[in-house]
Amino acid sequence: MQISIHLGAHCTDDDQLVKSLLKNSGALAKRGVAVPGPGRYRGLLADALVKLQGARADNDTQDMLLDAFIDQSDIRRLVLGHKNFLGAPHRSIEHNQLYHLAQRNSAWMRNLFANHEVSFFIGIRNPATFVPAILNDLPAPARDPLLAQLDPRGLFWSDALHAIRDANPTTPITVWCNEDTPLLWPEIMQIISGVDEDLPLRGTLDILRPIMNPDGFERMHDYLTQTEIPSHAQRRRVIATFLEKYALPDEIEQEIDLPGWTEDLIDDLTEAYDEDMNEIVQIPSVHLLIA
């Protein structure tokens, strides 16, 4: 079995990837791809992870999990996703690291399906906006201690990805920047489901609708459905053009209001994030999707 595991991160697509893929569950099943609803597997996975504590699942346990998630006998690929696979939201910036539990949690998840071919997928986000988004979702008693211990200049996604790679040396990892997600969405859906471009997928514009003026979104939708666009690159250029004209500023621009977070700091974090991409592409078996 090929098992695609979407590891998050928090404050990226907010489960939209699973929702969009579920729109295609019937068509994907005909291609041998199972996309079970989250309620069907997240509780069982959590129970199994707690029970095994990182130990390799035996054959019976692996078979039990797959039987619980899959209805058809001809399924060759299973897609699972949860933004908490690498830890709860507050864990994502604890100890002045991005996902300090990434090494342990990814290995535990991998060992649940030790007999199978597992691939990891993760969307990452500029720490300059990721940290405020995480903190804004936390109650003040949890937020203030995290902010007090944090030096955001020490946060690098490459550290988390190195940790995942060290714990899972043979597991491929596909990464994309959340900032590019609106342009990459169809490719992300295809790659994680393992289907060819000849299968038209529903939901390939889902990530765009909330961030665009409704009239502009409909214009873009009509253009994309009525125009033959021969390549992903050309499609991305079309979407970028419509976004430039019709994107909703409040949805794509985040106001950052944290103590001590100056414009200079935000610029420094953004520059470091861009430079971190150079490190990420050097990590073995890590594939960075680029818009």
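Modeller: Once its neighbours within four places in sequence are set aside, S119 has contacts with I3, S4, I5, T171 and P172. The model is a predicted one.

Colleague: In which strand is S119 found? Is S119 buried or exposed?

Modeller: S119 is found in strand β4. The cut-off for buried is under 20% relative accessible area. S119 has a relative accessible area of 17%, so S119 is buried.

Colleague: How do I read the pairing of strands, and what is the strand order of the open sheet here?

Modeller: Backbone hydrogen bonds pair the strands of a sheet, in a parallel or antiparallel sense. Here, an open sheet of 6 strands runs in the order β2-β3-β1-β4-β5-β6, with parallel pairing. β2 (33–34) and β6 are the edge strands, each pairing on one side only. Over 5 bridges, β4 and β5 pair in the parallel sense. I122 stands opposite V175 in β5.

Colleague: Which residues of helix α8 are buried, and what do they pack against?

Modeller: In an α-helix there are 3.6 residues a turn, so residues three or four places apart point the same way. In α8 (residues 157–167), the buried residues are W157, S158, A160, L161, A163, I164 and R165. They pack against β4 (117–124), β5 (173–177) and β6 (286–289), and also against α5 (102–112), α6 (127–136) and α13 (263–280).

Colleague: How many cavities of 30 Å³ or more are there, and which residues line the largest cavity?

Modeller: The count is 1 cavity of 30 Å³ or more. The largest cavity holds about 40 Å³ of space. Its lining consists of H6, G8, A9, T12, D13, D14, D15 and K83. By class, that lining has 4 charged, 3 polar and 1 nonpolar residues.

Technical notes: Residues are numbered from 1 along each chain as its sequence is written. This is a predicted model: local features need pLDDT of at least 70, side-chain atom pairs count only at pLDDT 80 or more; totals for chains, interfaces and linings use all residues. Side-chain values use heavy atoms; hydrogens and water are left out. Buried means under 20% relative accessible area, exposed over 50%, partly exposed in between (1.4 Å probe, protein chains only). Helices (H or I, at least four residues) and strands (E, at least two) are DSSP runs, numbered from the N terminus. Contact means heavy atoms within 4.5 Å. Two strands pair if DSSP finds at least two bridges between them. On a 1 Å grid over the protein atoms alone, a cavity is a set of points where a 1.4 Å probe fits but cannot get out, and a pocket is an open set with protein on both sides within 12 Å along at least five of seven lines; lining residues have an atom within 4 Å of a point. Grid points are joined across faces, edges and corners, and a volume is the space filled by probe spheres set on the points. Ala, Val, Leu, Ile, Met, Phe, Trp, Tyr, Cys and Pro count as nonpolar, Asp, Glu, Lys and Arg as charged, and the others, Gly among them, as polar.
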